[in-house]
Amino acid sequence: QAQLSESGGGLVQPGGSLRLSCSNSGIIFRKATMAWYRQTPRNQRELVASITRQGSPNVTDSVKDRFTISRDRVTNTVYLQMNSLKPEDTAVYFCNAYPSYDIWGQGAQVTVSS
């Protein structure tokens, strides 16, 4: 059964860094473009970054030059390195395929606050 599990969230001061990890099981994720999404209580879930099976990354403009997505095909892990964090990056971060499947993990809470 395909599953997703995010980790690495936490509380960080503005300007700080965090690295999120997403472990995924199931062949559907191994073959898919993978992505990180984030959701706040007021907003819909939004796409943050994606990476193809071959490792070609893409990030949304709001996090460009601050966030980096990568994947380890051996361990089936997807990472999101987040630098220069801002309060507006506060959200619950999820990983999934892109386009997403109707399978979601518990997410990782990221709070950026002084």
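Modeller: Rings of Phe, Tyr and Trp (its six-membered ring) pair if their centres lie within 6.5 Å; planes under 30 degrees apart count as stacked, over 60 as edge-to-face, the rest as tilted. The model is predicted, so local features need pLDDT of at least 70 and side-chain atom pairs 80 or more, while totals for chains, interfaces and linings use all residues. Residues are numbered from 1 along each chain as its sequence is written, and side-chain values use heavy atoms, without hydrogens or water.

Colleague: How many aromatic pairs does this rule give?

Modeller: The rule is applied to the rings of this predicted model. The count of aromatic pairs comes to three.

Colleague: Are the rings of Y37 and W104 stacked or edge-to-face?

Modeller: Their centres are 5.5 Å apart. Their planes stand at 75 degrees, so the pair is edge-to-face.

Colleague: Is W104 buried or partly exposed?

Modeller: Buried means under 20% relative accessible area, exposed over 50%, and partly exposed in between (1.4 Å probe, protein chains only). Y37, at 7%, counts as buried. W104 has 29% relative accessibility, so W104 counts as partly exposed.

Colleague: Which residues form one aromatic cluster?

Modeller: F94 and W104 have ring centres 5.8 Å apart and planes at 85 degrees, so this pair is edge-to-face too. F94 is in strand β9 and W104 in the loop between β9 and β10, 10 residues apart. W104 thus takes part in the pair with Y37 and in the pair with F94. The one cluster is formed by Y37, F94 and W104.

Colleague: How far from the centre of the W104 ring is the charged end of R45?

Modeller: A charge sits over a ring if NZ of Lys or CZ of Arg is within 6 Å of the ring centre and within 35 degrees of the ring normal. The charged end of R45 sits over the ring of F94, 4.4 Å from its centre. It also sits over the ring of W104, where the distance to the centre is 3.9 Å.

Colleague: Which residue in β3 stands opposite E6?

Modeller: Five bridges join β1 to β3 (residues 18-25), and the two run antiparallel. In this pairing (at least two DSSP bridges), E6 stands opposite C22.

Conventions
Helix = DSSP H or I, 4+ residues; strand = E, 2+ residues; numbered from the N terminus.
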